Each structure stands twice: as structure tokens, then as C-alpha cells.
Amino acid sequence: MSNITSENVEIKVDDGTTMLAWFSRPSGQPSKRGIMVFPEIFGVNAHIRDVTARFAALGFNAISPELFHRTAPPKWECAYTDFATAMPQMQAVKEPSLESDVKATYSWLKNNAPSGDNIACVGYCMGGRTSFLANSAAPLKAAISYYGGNMPSLLHRTSKLSAPMLLLWGERDAHITAEHRNQVTAAMREAKKDYIDMVFSSADHGFFCDARQSYEPGAARLSWDVVQSFLNARM
């Protein structure tokens with residue numbers, strides 16, 4: 001994409017660690033909107049960098065942090081079929097350190113991009129769960145979760161959610177059951193939080209990712225349209 005600029009940046013976290021992140025921004029007029037893009041368990045790979053660039057092409061200052069930076073080398077990533085390598089990395093991530101990473105990413109974006117505090121977030125799989133956490137840890141304008149796994153483990157944070165939330169799921173997702181989805185929406189209703197819940201009947205887990213076998217083009221395109229409308233209405 002010739003209308004954007006992308007680079008790796010370093011972010012200092014409050015526990016003394018340093019985290020790499022992929023930062024994409026429009027090349028022309030400075031953007032007044034920012035978005036954090038939280039990756040799947042496979043790292044900030046080519047697909048996530050491409051998604052980050054897509055948001056930059058829409059006029060966002062977009063940043064994707066390497067959430068495994070405490071246990072994996074810089075620029076770590078693995079194949080979508082290599083769950084054996086990815087799972088130990090994910091299991092090593094704990095809620096307090098993840099919150100520190102989110103807050104550090106938010107602060108870096110707020111202080112280093114012209115969007116200021118006009119910031120949203122989006123995440124995929126593990127990143128979808130991170131997006132929920134981020135919405136309870138930073139004063140966001142909007143938050144988007146694609147098929148966030150193990151989100152019920154974060155429902156104790158529901159009362160802290162700061163922004164409207166868009167929840168996107170695949171009904172054919174064997175990893176995330178209807179009971180799982182219902183627990184999330186029930187908690188948000190009880191806390192009187194603003195949310196949109198969308199389930200794509202033809203979609204499996206990972207339906208947005210065009211590098212995975214589970215990619216579902218129709219659901220991916222429609223969800224992308226919804227994501228843009230959701231963000232445009234709130235930023």
C-alpha cells in the first residue's frame with residue numbers, strides 16, 4: 001500500500017521490559033484516529049501486519065504489539081498449523097502483564113501519533129480477548145473483538161469497560177461455544193454496557209484471516225464493513 005508508512009517501534013513497559021510493535025500510519029495528512037491491533041497466538045505475522053496496514057489505509061494510526069515479548073525473541077511468529085509452538089507462548093501470558101502491555105501500547109500511541117487519545121482497539125482470537133481487557137484498562141472510544149477465546153475468564157472486568165464493544169463470532173466455531181458467547185453478552189447486559197453481538201452462521205474460528213483454511217470470504221467482507229461503520233460512528 002503506497003499511501004502508508006510502516007515500521008517496527010520499541011515500547012517501554014512498566015515492568016522494565018521492552019516490546020516491539022508494528023506501526024502503520026497514513027503517509028499524507030496526519031490522522032486524528034488511532035487503533036491498537038491485537039494479534040492471534042501466532043504472533044505479529046504477515047497477516048496481522050497486513051491488517052494493521054488496512055487500518056492505516058483507512059486513515060488510522062495503527063499499532064500491533066508483540067504480546068509474547070517476555071518469552072519469545074523479537075519478531076517471533078509461527079505457522080497457523082503449528083499450535084504446539086504457539087500454545088506455550090499464549091499460556092505464559094498472564095492478566096497483569098497483558099494489562100501492562102496494553103497500557104504501554106495505548107500510551108505510546110497517544111504520545112507518538114497525532115490521534116491523541118482518540119483511540120480504539122481490535123483483536124483476533126487471543127487478540128479478541130485482549131481487546132476486551134484493553135477496553136477495561138484504557139479510556140477507549142471503541143473496541144472490537146473477533147472470536148475472542150476464553151473471554152469468560154475476564155468477565156470480572158466487565159464493569160470497567162469504557163467504550164462500546166463490537167463482538168464478532170462464527171457459529172461453526174468449535175473452540176467458542178454458544179454458552180461461551182452467552183456468558184459474555186449476559187455479563188455486559190447485567191453491567192448495562194453498550195455492545196453489538198454478531199454471529200455469522202456460515203463462519204468458523206478465524207474466519208477473517210485470509211491466510212487460514214477457515215477463512216470465510218463472505219463473513220470477512222461483511223464484518224469488515226461493519227467494523228468500519230462501527231468505528232466511524234464513534235471516532
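The lining of the largest cavity comprises 9 nonpolar, 2 polar and 2 charged residues. These values come from a predicted model. In total, 13 residues line this cavity. Nearest its centre lie Gly43, Glu66, Leu67, Phe68 and Trp76. The volume of the largest cavity is about 80 Å³. The structure contains 1 cavity of 30 Å³ or more.

Strand β4 was examined next. This strand spans residues 60-65. It is mostly covered, with 6 of its 6 residues buried. In a regular strand, side chains alternate between the two faces of the sheet. In β4, Phe60, Ala62 and Ser64 point one way. Asn61, Ile63 and Pro65 point the other way. Residues of both sets are buried.

Two strands pair with β4, as described here for β2 and β3. Strand β2 covers residues 18-26 and is joined to β4 by 4 bridges. The β2 and β4 strands run antiparallel. Within this pairing, Ser24 has Ala62 of β4 as its bridge partner. Ala62 belongs to the set that also holds Phe60 and Ser64. Strand β3, residues 33-38, is likewise joined to β4 by 4 bridges. Here the strands run parallel. Arg33 stands opposite Phe60 in β4.

The cysteines were considered last. A disulfide is a covalent bond between the sulfur atoms of two cysteines. The structure holds 0 disulfides. Cys121 takes part in no disulfide. Its nearest cysteine sulfur belongs to Cys125 and is 15 Å away. A disulfide would require the two sulfur atoms to lie within 2.5 Å. Cys121 is buried, and its relative accessible area is 0%. Cys209 is also in no disulfide. For Cys209, the nearest cysteine sulfur is that of Cys125, at 10 Å. Cys209 has 0% relative accessibility and therefore counts as buried. The cut-off for this class is under 20% relative accessible area.

Note on methods
Residues numbered from 1 in each chain as written. Predicted model: local features only at pLDDT ≥ 70, side-chain atom pairs only at ≥ 80, totals over all residues. Heavy atoms only, no water. 1 Å grid on protein atoms, 1.4 Å probe; cavity = no way out; pocket = protein on both sides within 12 Å on 5 of 7 lines; lining within 4 Å. Points joined across faces, edges and corners; volume = space filled by probe spheres on them. Nonpolar A, V, L, I, M, F, W, Y, C, P; charged D, E, K, R; others polar. Buried < 20%, exposed > 50% of the residue type's maximum accessible area, 1.4 Å probe, protein only. Pairing = 2+ DSSP bridges.
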